Amino acid sequence: MQFHFVDLLDQLFLHRIHYIDKYILPKESNRFQNQERLPTKQEMSSFLNGQLSLFPPDSGFTNLKWNRDKIEFIELFISVHESNAIIGTNNKPVTKKDYMALLMWFFNIKIAHWPGSLSYGKERKTKRESEYLKELVGVYNLMVSRRN
Amino acid sequence: MNRTLISTLEQLRNAKVQVLSFSIRKQVNLFDFETGPEISFNGFKSIHSYQEQLDKYYDECKMSIELEINQATPYSLELKKSLDLSRFEIKAFKNRFFPKENELLLFSRVELVKTPRTDISKDQALKKKY
């Protein structure tokens, strides 16, 4: 009976040691890693080059601003969405509403009713093509020709 | 936790079998009774009561560990060290007092005590009184 009891005590301590390994130490090690994380080489080099941190820790906004017309913003990103260039990480399609809301936040631009603006653009009788997208093609071609 | 564990191991170290001076009538099975001397193990007169005492020690150790785990979350590495050391103590105790292949050593820890029978007819105090 005594021998059995010593065995039980041994098992109790062994179980608690495993418990700490499994549930407590990993949590703490993650917390420690998060607190003490050193900047990566790339982050250090960006810092030394004086680049802006795009996601300042003390603000809910990015440090980016859309610098063209609102309609051009809609034309560009709706085209990207329509081309299925961007999908969710779970391989499911992303809704236009969420996608546009995220980009508006990302580029600090507020467009009250972007589907309306898009419909207005599409229903124009003249100049239905996007001037901005044409311009982008030109800019790209120019860039390529400069390199060559 | 260490104090609880040490006192528990200290209790397990004892294996005192005491044969008391008086006889009792014990039920062996449903129909038979046997008269024999009362025997106690570490002061407990039945297996059941000793088992209850061991359960109590076990619960105390368990509570003590739980308390330390709950209190010492930020220092769990220290707690783990302490638990490791305690487990070593338990293993060392087991090897020392409950060796697997040494029955002689296993029984050498049993202490047999026989309480001498006192003859009450020769007791002077009783004689004076009655």
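A residue counts as buried if 20 or more other C-beta atoms lie within 10 Å of its own. I keep in mind that this model is predicted.

**Entry 1: helix α2(B)**
I used that cut-off on α2(B). Its buried residues are Leu54(B), Cys61(B) and Ile65(B). Next I checked the length of the helix. α2(B) has 25 residues, and at 1.5 Å a residue they should span 36 Å.

**Entry 2**
I looked up the strand order. Three strands of chain B form an open sheet, and the order is β2-β1-β3. The pairing is mixed. Which strands stand at the edges? I found β2 (33-41) and β3 (111-114) of chain B there. Each has a single partner strand, so one side of each is left without a neighbour in the sheet. From one strand to the next, the twist averages 40°.

Then I followed one pair. Strand β1 (residues 16-27) of chain B runs parallel to β3(B), and four bridges join them. I also noted that Val19(B) stands opposite Lys114(B) in β3(B).

**Entry 3: where the chains touch**
I turned to the contact between the chains. Chain B gives 23 residues and chain A gives 17 residues. On the side of chain B that touches chain A, α2 (47-71) and α3 (76-97) of chain B each supply at least two residues. Which element gives the largest share of that side? I found that α3(B) does, with twelve residues. I sorted this side of chain B by class: 13 residues are nonpolar, four are polar and six are charged.

Technical notes:
Residues numbered from 1 in each chain as written. Chains lettered and ligands numbered in written order. Predicted model: local features only at pLDDT ≥ 70, side-chain atom pairs only at ≥ 80, totals over all residues. Contact = placed C-beta atoms within 7 Å. Nonpolar A, V, L, I, M, F, W, Y, C, P; charged D, E, K, R; others polar. Pairing = 2+ DSSP bridges. Axes fitted to C-alpha atoms, helices over the stretch in contact; angles between N-to-C directions. Expected span 1.5 Å × (residues − 1). Buried ≥ 20, exposed ≤ 12 C-beta atoms within 10 Å, placed from the backbone.
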